[in-house]
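Please keep the sequence and the coordinates at hand while reading.

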Amino acid sequence: MPQFKLKDVSSLSLQLGDKQEVEVEGVDGGKVLLVNIGGKITAMGPKCTHYGAPLVKGVLTKGGRLTCPWHGACFNGQTGDIENAPALDALPVFKVVEKDGAVYIEGEEAAIKSGRRKPNFKCGTSGGALADKVVVVGGGSGAIGAIEELREKGFTGPITMISNEGYLPIDRTKLSKALITDHTKIQWRDDEWFKSGSVEVVHDEVVDVDLANKAVITKSKERYVYAKLILATGGSPRNLPVQGFKVLENIFQLRTVHDAKKIVDAIGDKGKKIAIVGSSFIGMEVANATAADNDVTVIGQETVPLERVLGKEVGAGLQKLLEGKGVKFHMSAGVDKAEPSGSNPSKVGSVHLKDGTKLEADLVVLGVGVAPATGYLKENKVIRLEDDGSLKTDENFLVVGLKDVYAIGDIASYPYHGPGGQGNYTRIEHWNVAQNQGRIAAHHIVNSTLKAAFFTPIFWSALTGQLRYCGNSMNGWNELVLQGNPGEGKFVAYYCKGETVVAMASMGVDPAMAKSAELMKLNAMPSKTELKGGLDILSVSIPV
């Protein structure tokens, strides 16, 4: 195995729990991250394989979990394996050798340059026993998380993924943040990748599940028999049930690449009047993405944007940041109707608010939430949907009352055991959450005796700066501890229920979110009183 010298490293003097990024001599642009875990020093890829965050700025626990400072991807610090979404590729690990007053790593130059390692996915079971077949319905984050984890954990049975989107799994988070219109630019894996793992990809729409005969039925009247079924159909954007919104053109929802393309085509050469209905994350991200070259107005029912999730103080600060980019806001507002354009009556021309305000609009984008995409199950005689259209699951994401059927992502209500959760059934619409749930379901399929490990829900948003969020406040919070100034884009906000921090949000203070996520996982988050006293989360050590 080739050896490469580490620049300016003469001995292995890294302290326990420390990490250091170093250059690799003889490899153009080559770097590795040295970590000391339990007294053993290992070299590994230096950047998160998700978006390339420098892992030297991440969080390393005493137990050896290395967490990305940006979006919460976790890696095993000894093996480089993935332990948490959203990264799909693991980190390469290199043996460290100390000799002749210098330190070397052993490894292939290509692995050092790439800084990533693909999961064990190849599988030759093109046919396979139907008795083992897994069918995954959906083509999003949860689906790819489940499929890749099945193969990574040694599942060799046949896998079929059925998606109605018309393309392979994409990084959906980039749709509202950047309005990407070419699916190949945000596609996680290509056709050859799925073929290499003997995964059958079907572009069709599931319309029902025959539980008695263990088969799913598609719109094209095909039947796909399963041994295990993973439902991962995500969310459906809500419409606005008021005059004009269902009949006028240039009124858009945003869920798919096709939606993003319609919006971008409508914007055309820029300079458009864009009305965004909804002041939660999708609406705010679209406003941020389109503000530079257009006249953008956000309409929200809350007193400030994102008030329900982030509270008034943080929401007001984020509103101020977007106003600095030229975005206008009409808050505490209700939409009365949409009226047609005078020049083209088939298209929208204005949005009218309940207080009489008329807002001219060349196009309208709806960001009024999503509902679980479970319409195909509504008439099913066996499956029971919850009041919100979701499916109730256990900790392994097995649907309660059903055998061999799992539900993950936006459609799953599962027992949440994070801070303040108390095992209450909770539905979380986060990209990371869906992928982690897919991994847990895959683990259970491969080995049903394994206990599902808790993961802290993580979310991020592009709102002039990068907002990061972890935990969950769906079960309520009653006090906000705020450090910093949201209006200046640098703050940490802690959402508390009694003395317990149930969630936190930050901007411009990395890796505060990653540190908090690890502390929440270990039930070691500081108390409300400690944080109100000015305790800096970055100064808190992780106990294990």
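## Glu518 and its helix

Glu518 has a relative accessible area of 3%, and because buried means under 20%, this charged residue counts as buried. The model is a predicted one, and local features are reported here where pLDDT is at least 70. Glu518 belongs to helix H9, and once neighbours within four places in sequence are set aside, the residues in contact with Glu518 are Val59, Thr61, Arg65, Thr67, Cys74 and Ile542.

Just after the end of H9, Asn523 adopts a positive phi of about 55°.

Gly72 sits in the loop that runs between strand E6 (65-67) and strand E7 (74-76). With a relative accessibility of 0%, Gly72 counts as buried, because the cut-off for that class is under 20%. Not counting residues up to four places away in sequence, Gly72 touches Thr67, Asn84, Ala85, Pro86, Ile458 and Met513.

Pro86 is placed in the loop between strand E8 (82-84) and strand E9 (93-99). Another cis peptide bond links Asp510 to Pro511, here with omega at about 0°, and Pro511 is found in the loop between strand E36 (500-507) and helix H9 (512-521).

## Two lysines with positive phi

Lys221 is a residue other than glycine with a positive phi, near 70°, and its place is the loop between strand E15 (215-218) and strand E16 (223-225). Its relative accessibility is 72%, so Lys221 counts as exposed, the threshold for that class being over 50%.

Lys270 likewise has a positive phi near 70° although Lys270 is not a glycine, and this residue lies in the loop between helix H5 (257-267) and strand E20 (273-277). At 41% relative accessibility, Lys270 falls between the cut-offs of 20% and 50% and therefore counts as partly exposed.

## How helices H2 and H8 cross

Helix H2 (residues 141-152) and helix H8 (residues 431-446) have axes that come within 7 Å and cross at roughly 35°, and the crossing is right-handed. On the H2 side, the contact is made by Ser141, Gly142, Gly145, Ala146, Glu149 and Leu150. The H8 side contributes Trp431, Ala434, Gln435, Gly438, Arg439, Ala442, His443, Ile445 and Val446.

An α-helix has 3.6 residues a turn, so residues three or four places apart point the same way. Sorted by class, the contact of H2 with H8 holds seven nonpolar, six polar and two charged residues.

Strands of a sheet pair through backbone hydrogen bonds, either parallel or antiparallel. In this model, three strands form an open sheet in the order E23-E24-E25, and their pairing is antiparallel. Strand E23 (335-340) and strand E25 (358-360) stand at the edges with a single partner strand each, so one side of each has no neighbour in the sheet. On average, and with direction ignored, neighbouring strands of this sheet are turned by 25° against each other.

Strand E24 (residues 348-353) pairs with E25 in the antiparallel sense over three bridges, and Ser350 stands opposite Glu360 in E25.

## Nonpolar cores

The largest nonpolar core has 45 residues, of which Leu310, Leu318 and Tyr495 touch the most other members. Helix H7 (residues 307-323) supplies the largest share of this core, namely six residues.

A second, separate core comprises 34 residues, including Ala146, Ala232, Val433 and Ile440. One of these members, Ala146, also takes part in the contact that H2 makes with H8.

Key: Residues numbered from 1 in each chain as written. Predicted model: local features only at pLDDT ≥ 70, side-chain atom pairs only at ≥ 80, totals over all residues. Heavy atoms only, no water. Axes fitted to C-alpha atoms, helices over the stretch in contact; angles between N-to-C directions. Helix = DSSP H or I, 4+ residues; strand = E, 2+ residues; numbered from the N terminus. Left-handed = near helix turned anticlockwise from the far one by under 90°. Contact = heavy atoms within 4.5 Å. Buried < 20%, exposed > 50% of the residue type's maximum accessible area, 1.4 Å probe, protein only. Pairing = 2+ DSSP bridges. Core = buried A, V, L, I, M, F, W, Y, C linked by side-chain atoms within 4.5 Å.
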